[in-house]
Amino acid sequence: MKPYCSAIIPAAGNSTRMAMGQSKQFLPLLGKPAIVYTLQAFEQAKSVDEIILVCRDEDKEQLNTCVHMAGITKPVIFTLGGTSRQQSVFSGVRACASQTEYIIIHDGARPLVGRETIEKTIFAAFDFNAAAPGIPVKDTIKTVSDEGIVTSTPARDSLRAIQTPQVFNKKMYLSAMQSVPNSELFTDDCGLIEAYGKLVKIVDGDNTNIKITTPEDLIIAEAIINKGEKDEL
């Protein structure tokens, strides 16, 4: 029998970098709130059994409308976020069903994640206990000192830009939460697991699985959606 999998979608941020007066998960992409696309991807992923939405109390009603708009048939649980992203994720983990064996953590502001990426990452986690999608970096990366001086140039072929969803064995993740000092300060869940001393399997990500962070990202996201719709014709 397939392990029970819970998708945790943190959607409790203030989106200050967008400077558009509302949370970025509600910004419209071709007439639909961005998070509707996110929800639809997890509805389509057969390995996902329930969806946990981590949000601010004032956003719950609007998020519930998005759930209905997305046509979600799976169980949806709302839980309040914390003061940091990691605290919000922890809130989501605690809200999972008692039978949950794997948790799938995905940025609410990555609306273009594909069902294939979700499933591929989940199945890798079944084998390795921890998995995430990543894409090769296109630019040369430099590490720089506080004074702006280059200190090293990592080999580009060994670098990956890590995306979400990131999938973990729930028991292992809970142990990391409780054991790693300052676990609530991590900005990346793989980093928490690495600090716990466990290995993370990286699978091939998707260049279209972008994160909506700035107004320019909305333009790119709409272009990707438009191209996908044309390709299906």
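Reader: In which helix is the place of S88?
Author: The model is a predicted one. Seven helices and 12 strands make up its secondary structure. Among these elements, the one that holds S88 is helix α3.

Reader: Is S88 buried or exposed?
Author: A residue counts as buried when its relative accessible area is under 20%. The relative accessible area of S88 is 4%, so S88 is buried.

Reader: Which residues is S88 in contact with, leaving aside its neighbours within four places in sequence?
Author: S88 belongs to α3, and its sequence neighbours within four places are set aside here. The contacts of S88 are then A12, V54, G81 and G82.

Reader: How many of the residues of helix α3 are buried?
Author: Helix α3 runs over residues 85–94 and is mostly covered. Its buried residues are Q86, S88, V89, F90, S91, G92 and V93.

Reader: What covers the buried residues of α3?
Author: The cover includes both strands and helices. Among the strands are β1 (5–11), β4 (50–55), β5 (76–80) and β6 (102–105). The helices included are α5 (170–179) and α6 (189–195).

Reader: Why is α1 described as largely enclosed by the rest of the structure?
Author: The buried residues of α1 are A34, I35, V36, Y37, T38, L39, A41, F42 and E43. The helix has 11 residues, and it is largely enclosed because the number of them that are buried is nine.

Reader: Which element gives the most to the largest nonpolar core?
Author: This core has 30 residues, and those that touch the most other members are I35, L39, F42, V48, I51, I104 and I118. The elements that give it two or more residues are β1, α1 (34–44), β4, α2 (60–69), β6 and α4 (115–128). With five residues, the element that gives the most is α1.

Reader: Which residues does L39 touch, not counting residues up to four places away in sequence?
Author: L39 is one of the core residues that touch the most other members, and it is buried in α1. In soluble globular proteins, nonpolar side chains tend to be buried together. Beyond four places in sequence, L39 touches I9, I51, L53, C66, V67, A70 and I72.

Reader: How many residues are in the second, separate core?
Author: Among the members of this second core are C96, I105, A132 and F168. The core is separate, and its residue count is 20.

Reader: Is V113 buried or exposed?
Author: V113 lies in the loop between β6 and α4. Its relative accessibility is 5%, and the cut-off for a buried residue is under 20%. V113 therefore counts as buried.

Reader: What separates the C-alpha atoms of V113 and Q166?
Author: Along the chain, V113 and Q166 are 53 residues apart. Not counting residues up to four places away, V113 touches A41, F42, H106, I118, T164, P165 and N209. The separation of the C-alpha atoms of V113 and Q166 is 12 Å.

Reader: What kind of peptide bond joins T164 and P165?
Author: P165 is found in the loop between β10 (160–162) and β11 (166–169). The omega angle of the bond joining T164 and P165 is about 15°. The bond is cis.

Reader: What is phi of L30 near?
Author: L30 is found in the loop between β2 (28–29) and β3 (32–33), and at 37% relative accessibility it counts as partly exposed. Phi of L30 is positive, in a residue other than glycine, and near 50°.

Reader: What is phi of N129 near?
Author: N129 lies in the loop between α4 and β7 (130–136). It is partly exposed, with a relative accessible area of 31%. Its phi is a positive value in a residue other than glycine, near 75°.

Notes: Residues numbered from 1 in each chain as written. Predicted model: local features only at pLDDT ≥ 70, side-chain atom pairs only at ≥ 80, totals over all residues. Heavy atoms only, no water. Helix = DSSP H or I, 4+ residues; strand = E, 2+ residues; numbered from the N terminus. Buried < 20%, exposed > 50% of the residue type's maximum accessible area, 1.4 Å probe, protein only. Contact = heavy atoms within 4.5 Å. Core = buried A, V, L, I, M, F, W, Y, C linked by side-chain atoms within 4.5 Å.
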